Amino acid sequence: MEHFWLIWLVSVLCAACIIPVQSRTIRRQVQRQAAMYPAAKVPPASVLVALMMLQTCIFLALATAAGLWLLPSTGLRLWFVEYWSQKATLPFSLPAFWAVSVVSGIVAGGVVALVDRSFFQPQMTVRRREEPISNRLFGLLSSFYGGVCEEVFMRLGVMTVAVFLAQKLGLAGISYWLGIAVAAIAFACAHLPGNYMTYGKSSVVTRWTLLLNGMLGILFGCLFWQYGLEAAIISHFCADIVLHVILNKNRK
């Protein structure tokens with residue numbers, strides 16, 4: 001639990017980056033609800049955003065605490081944090097760490113974009129609502145949230161707990177792969193509600209969401225296992241930069 005406040009505060013700051021994106025989305029939802037049900041009392045968008053942030057901060061605290069508490073028992077590490085704070089010996093070189101983290105994210109983002117545009121986007125011709133990440137600034141802000149917060153939730157939280165439970169159940173030989181799979185599935189499923197709102201609920205959207213996010217989740221889980229949580233964060237951030245900033249169709 002030594003690094004709880006560092007990880008939690010950094011993740012909360014990154015969660016705050018998503019406020020402009022979420023504010024725009026929630027404001028539209030409030031306006032839509034008010035138009036559909038004029039007599040209903042709809043809370044102001046600012047209140048809903050504040051509640052969303054409070055909920056996110058609580059969940060980040062829980063994921064960070066659970067992950068750090070169980071981490072020593074699993075063999076998973078925060079290699080870069082330990083190197084920086086305790087001068088721990090790394091099992092790999094720093095250039096290798098940065099190369100694997102950055103290059104894997106860039107390549108993964110490019111592969112996901114290629115598969116998306118080649119196989120899935122042609123089938124998704126109807127969009128019910130405007131996409132939340134509508135410009136490159138929002139894409140950059142979302143990349144901080146995705147890279148840090150989602151990795152704290154899914155890898156430090158979900159994957160660490162899954163690995164710990166698998167090892168306690170006598171499945172040590174496959175515990176890391178089980179943890180990677182569980183976290184990847186949770187990561188993919190977490191994207192379903194937002195994609196259903198944007199593209200509509202259909203089998204194509206479901207397959208698209210689960211496959212592409214599942215692929216990324218497996219990559220980030222493997223990086224957490226072999227190079228530490230920080231490698232997964234950097235790779236996730238780089239993949240989001242490719243997808244939501246470099247390849248963003250809006251030029252604003």
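A polar contact here is a pair of N or O atoms within 3.5 Å; within protein, one must be able to donate a hydrogen and the other to accept it, and residues adjacent in sequence count only if both atoms are side-chain atoms. Hi everyone, with that in hand, let's start at Thr74. Its side chain reaches the backbone nitrogen of Leu76 at 3.2 Å.

Quick housekeeping: this is a predicted model, where local features need pLDDT of at least 70, side-chain atom pairs count only at pLDDT 80 or more, and totals for chains, interfaces and linings use all residues. Residues are numbered from 1 along each chain as its sequence is written, and side-chain values use heavy atoms, leaving out hydrogens and water.

Beyond its neighbours within four places in sequence, Thr74 is in contact (heavy atoms within 4.5 Å) with Thr160, Val163, Phe164, Gln167 and Tyr176.

Now, how many salt bridges does a search of the whole structure find? Two, where a salt bridge is a side-chain nitrogen of Lys or Arg within 4 Å of a carboxyl oxygen of Asp or Glu. One joins Arg77 and Glu82 at 2.5 Å, N to O; Arg77 is partly exposed at 29%, while Glu82 is buried at 13%. The other joins Arg155 and Glu151 at 2.8 Å, N to O. Those residues are four apart in helix 6 (residues 136-168), so about one helical turn separates them. Arg155 is buried at 0% relative accessibility, and Glu151 is buried at 0% too.

Terms used
Buried means under 20% relative accessible area, exposed over 50%, partly exposed in between (1.4 Å probe, protein chains only). Helices (H or I, at least four residues) and strands (E, at least two) are DSSP runs, numbered from the N terminus.
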